[in-house]
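The sequence and coordinates come first.

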Amino acid sequence: MSAKAQFDTGLVSRAVALALKDGATYADSTLEHTRMEGYSLRDGILEAAASGEDVILRVRILKNRYLYTLSINWPTGERLSGMLGNLKGFREQGQTSIDPEGTYKSNYRIPEKEAMSDGALLRSFTKEDSDIAKVKYLKFRYGGVDYEKVHRYFENSEGSSIESSIPKTSVFYSIVVDAGSNTRQYIFQHGATGGLEGFERSGLSEKVKDKAKSMKEVMEKGVNINKRMKNVVIAPEITGIAVHESIGHPSEADRVLGREAAQAGLSYLTKDNLGMRIGSEAVTICDDPTIKGSAGFYLYDDEGVKARKRILVKDGIQNELLQNRETAAVFGTRSNGSARSSDAGKEPLIRMANTYLEPDRRNSLDDLIAEARNGVYVKSFTEWNIDDTRSFSKYQGNEVYLIENGKLGKPVKNFALETTTLNFWNSVKMVGDEFELVYGRCGKGEPMQDAPTNMGGASALLTFK
Amino acid sequence: MAMGKRGGKGAEEAIDDAIEFVFGELEGKAEDVVVTSSSGTSTYVKVVDSRVDSVVDIDDSDIGVFIAKGKRLLFTNLGLVGREEMRKKLDRALKTVELLQVNRDYHGIAEGPYRYKSALNYDPSVENGDYDAEDIVSRVVSTALDGGASYVHGMLTLYRGRRRLMTSGNVDATEKDTSVSFSARVFMDSETSVQSNGASRTLDGIDYEGLGDYAVRTAKMARTSGMIAEGNYDVIYMPIAAGVLVDRIGSAVSMGSVEAGFSFLMDKLGKNVTDTDISVYDDASAPDGLSSYAFDQEGVPSQKTTVIKDGTLKTYLHNTSTARKYGTKTTGNAGLVSPDSTGTLITHKNHMKSVEELVKEVKRGVLVTNVWYTRFSNYVSGEFSTVPRDAAFYVENGEIRYRISMGAKGSASAGIRINDSLPRMLKEMDATGGDTVQVYNWDSQDYNFTPALLVRDVKLTSATII
C-alpha cells in the first residue's frame, strides 16, 4: 500500500463513527499526509539531505467528559480498530466540555507560485550560502532549510468536513562574526507559506551580510553604556518578540485557566482581571492567521473552527483571549479558531499565528527617533527571556545605536531592555508606520510542539518614567 | 486507566520483515547503509488542578534509511508501506543521492559486529499497560495536598518502544525501551510553587510520594517573602535547575556543536576549562537513564565517557566519521552526521552530603529551585541568561531567610534573572551537594545527572527597576 492509498479519508469518517458508537459525546478525526525535504550546510559543505513523508490519523474523543487524543501513523483500518479498542477510560467523570460550533465544509489549497522541482531548494540555498561566504570575517556558517507540504482532511461529529493543502518553507542560519579578541553570534530565521518563492522572499544572504557588517561595527566601534535609558526606540524585530512573549502567550486562554501550568506556564491575566489596561492608548495588538503567505497561515483551525483576526489589546485595553472550543466552554464565549497542533500526532493547543503591533501611519521611524531626542534605537536582539506569568522580560540588544539630539549615533555594545510587561507597554509613547513580520518557532505543550509563527508589526518609541 | 500494548508479536514480526526487506534491497548499492526500524507508543496523562484532565496517546512506527554513496549523504524514511512502494522509494533515494554534493568531512560508519553488554532497566508492566495511571497521579497529588499544597499541575508520561538497527558495517541489533516520568508543579498558594520531577525506566523507579513531599518541604523552607537588590550573589542551583545548565555543557562537548559554532569548548582540548575539582561524563550506558541506549545510531555499544577530568577537557564526543576525521576513536555518540551528547553527569570533589550543608557555605546568595527560558547570546562565548521559574530563596550567613518576590501580585515568579557564562560558571563552581539525581525540565527535555551546584558571584538583575 502506498502513502497515497493510506490517505484514505474513509478512515476519518470511520473513526468518528466508531467513537460515537462507543459512547463519545463528541469526536473529530484528522488525517494528515506530510511530504518534506531538507538540507544542512556547514561552512559550505552539504552535510546531508533528508526527504520523507508521513501519514498520521488522529482521533479526539470526548467521553464521560474526558478528552482523549489518540494517534497512529501509517493508518489502516486494522490499526484504527486496534487503537480505539485499546482505550480504557477513567472511572470518574471528567470536567471537559467542548463548545458547540457551526458546521463547515471547505476545501482550500495554497498554490506554489514556484513549484518545488527536484533540487531547486538546495540550489537556491547553496547560492545564498556562497554569497554569504564572501564575507571574510565569519568564523562559522551553519544553516538548514526545509520544505514541507501538509495535506489534511478533518471531520467531526457535528458534520464539518475540511480539507486543506499548505506548503511551507523555513530556513535557519547561524553566523559567528570574528573581531579578533571577541565574537558575536547571529541566528537568522525565516518561514513562509508557499513554495520556493517563500524561501526566496527570505532575503537570506542580503540580511545575513547586513547583520554581519553591523555586528562587526558594534564590536569594533561600539560603546558601553552603564545606565538605564529613558527613551528607547524599538524596531519591528523587538516589537515582535515582545508582542509574542508578553501579550500573545498570556492571552492564551488555556494558560489563563492553568491548563499549561506545568508546561508552558501561566499568565498575568486571570479570569478576574480581563479587560485591564495593559498598555498606553497607542497600543493595539492583533493576532491574525489569515495573512496570506505568512508562517502562521491557516483558514480553519484543528478543531474545525473558521479562522479570523483576533484583537488581543485594543487602545491599550485587554480585549480578547485566544480560545479553543474547550476554553470557550469555560469562559462562556466562542472559540476564535486558535487550536493548532505541530502535527496530527499531537493534541491541538491554543497557539498564536501572526501577532503584531498595529502601525500608526502618521509616524515615520525618523519621527520616533526625533521625538526620543536622546536614548537608544534597538534594531535587533540576541537572547531574551520572560518569567512564568509573563510579567518580567528581557531583550538583549544585538544591533543597538545611540540616539543623540534626535539622530542616530554610535553603536552600543551592551544594551539590554529589562522591564515589566505593564511598564513596557504603558511606556509606548508613539507607534511608527513600519510593518514588518519576522519569523519565530514557538514551543508549547508536552510533548513539546513547535509551531511556526510570525511576529512583529510597527516600530515604537518607549519613554520610561 | 491504562493504554495497553499495541500490535503485539504480529506487529513486531511485520516490522522485522520490513527492515530485512529494505536492508536486502540496499545491500551492495551504496558504500554505507543504515536501516532503522522503530515502533513506540507514548502516553501523556495531564494533571490540572490536582485532577487528571486529559490523555494523549501517540503511536509512531517507521523505517528510516541512511545512504552514503561517494561521500554523498541522504536520509529518508519509508513508513509502513507495501513492498512495491518501498522499492520505488528506495530507487528514488538511490537516484537522488547521486545528485548531491560531496561531504568531504564524511568518513564512514562503524564496522561491527559488536557484543552488547547493556543492562538497561526495562519494565514489562509498562509495555503491557499493566499500571493504574489514576493511582500513580493520586500518590503524587495526595502527598502534596496532605502536606499543605493548594493544587498540583503536572504530567505523567509513559513510553514503550522497540528499535532494530541493520547496517552495512555488520550490525544487526535490537533493543526494547520503557520509561516513566512524572513532572509535578506544586502550588502552596498562587505565589509559591515548586517543581518536582521524577524519571525512571521502570514504574517502581520513581518515589511518587517523594515527589509531592519534596515540593512541599522545599516550599516551606521559608515562611515569608521579600525582595533583593540587583547585584552579584552566590547561587545554589537545585538539581532541576542545574540540569538545564548541565545539559548545555553536554551539548557543547559534541563535535557537531564544535564544528557548527555552537560550543564554548572549541579549541580547548587538553586545556583547563573548569575548576580542577570538576569532572564531567557522558553516560549513555546508565542503567536507569532515559537517554541511555544499548547501541548508538551506527551500532556502537554505549559507554561512559570522561569528557572533563579534574578540570581538563579530555575529549569531544564523536561518531565514527568525526573520530576518523580527528584521528581518535568514536565515543558511541552517533548521530550519523553529528554526534549527540547523552546523559551528562557532573561531579565535584567538594561534595557535601546535603543541600543544607551547601546553604551553610553561602554568606549572601540565592537558592534557585527551577529555571526556564535559558537563552544564549553567543554559544561560542557561552554567555546566557536564565529565569528562575518557581520558588527562589534569599540566603544570608548560611541560612535561608525568605522567598524572593519582586512584587507581581498573584505570581509565583521570583522576578529575578541570572546572567552568566558557562566558562565562568564552571570556574566559579565551588561545591556540589545532596543526591545526584536524573533530571529533566520543560526547558531542557533531555535527561542528565546532577546534584545541587554552588556557583560563586553570579550577576542577578531584575526587571522591576528601570
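In which loop of chain B is Gly335(B) found? Gly335(B) is in the loop between helix H8 (320–325) and strand S12 (344–348) of chain B. Helices (H or I, at least four residues) and strands (E, at least two) are DSSP runs, numbered from the N terminus.

This is a predicted model, in which local features need pLDDT of at least 70 and side-chain atom pairs count only at pLDDT 80 or more, while totals for chains, interfaces and linings use all residues. Residues are numbered from 1 along each chain as its sequence is written, chains are lettered from A and ligands numbered from 1 in the order in which they are written, and side-chain values use heavy atoms, with hydrogens and water left out.

**Backbone**

Most residues other than glycine have a negative phi, and most peptide bonds are trans. The bond from Ala334(B) to Gly335(B) is cis, with omega near 10°. Another cis bond runs from Glu446(A) to Pro447(A), with omega near 5°. Pro447(A) sits in the loop between strand S22 (436–444) and strand S23 (449–457) of chain A.

Asn64(A), not a glycine, has a positive phi near 55°. Asn64(A) belongs to the loop between S2 and S3 of chain A and is partly exposed at 33% relative accessibility. Here buried means under 20% relative accessible area, exposed over 50%, and partly exposed in between (1.4 Å probe, protein chains only). Arg373(A) also has a positive phi, about 65°, although it is not a glycine. Arg373(A) is placed in the loop between helix H10 (365–372) and strand S15 (375–378) of chain A, and its relative accessibility of 46% makes it partly exposed.

**Interface of chains A and B**

In chain A, 91 residues are in contact (heavy atoms within 4.5 Å) with 87 residues of chain B. The two chains bury about 7300 Å² between them, 51% of it on carbon and sulfur atoms. Buried area is the accessible area (1.4 Å probe) that two parts lose on being put together, summed over both. Phe90(A), Phe392(A) and Glu446(A) supply 9% of the area that chain A buries against chain B, more than any other three residues.

There are 45 residue pairs in polar contact across the interface, both residues being at pLDDT 80 or more. A polar contact is a pair of N or O atoms within 3.5 Å; within protein, one must be able to donate a hydrogen and the other to accept it, and residues adjacent in sequence count only if both atoms are side-chain atoms. S2(A) gives the largest share of the side of chain A that touches chain B, ten residues.

Glu47(A) lies in strand S2 (residues 45–63) of chain A and is buried, at 7% relative accessible area. Residues up to four places away in sequence aside, Glu47(A) touches partners in both chains, including Arg42(A), Leu73(B), Asn103(B) and Val337(B). Its side chain makes a polar contact of 3.1 Å with the side chain of Tyr142(A).

**Salt bridges**

A salt bridge is a side-chain nitrogen of Lys or Arg within 4 Å of a carboxyl oxygen of Asp or Glu. Some pairs are tabulated below.

| Pair | N to O distance |
|---|---|
| Arg228(A) and Glu230(B) | 3.0 Å |
| Asp388(A) and Arg389(B) | 2.9 Å |
| Asp129(A) and Arg141(A) | 3.0 Å |
| Lys149(A) and Glu112(A) | 3.3 Å |

Asp388(A) is buried at 1% relative accessibility, and Arg389(B) is buried at 2%. Within chain A, Asp129(A) is buried at 3% and Arg141(A) at 13%, whereas Lys149(A) is partly exposed at 30%. In chain B, a network of salt bridges links Glu12(B), Asp16(B), Glu20(B), Glu127(B), Arg162(B), Arg164(B), Asp172(B) and Lys176(B).

**Helix H3 of chain A**

Which residues of helix H3 (residues 77–85) of chain A are buried? They are Leu80(A), Met83(A) and Leu84(A). Seen down the axis of H3(A), these buried residues fall within an arc of 90°, so they line one face of the helix; the arc is that of the directions from the helix axis to the C-beta atoms. The face turned away from the buried side of H3(A) carries the exposed residues Glu78(A) and Gly85(A).
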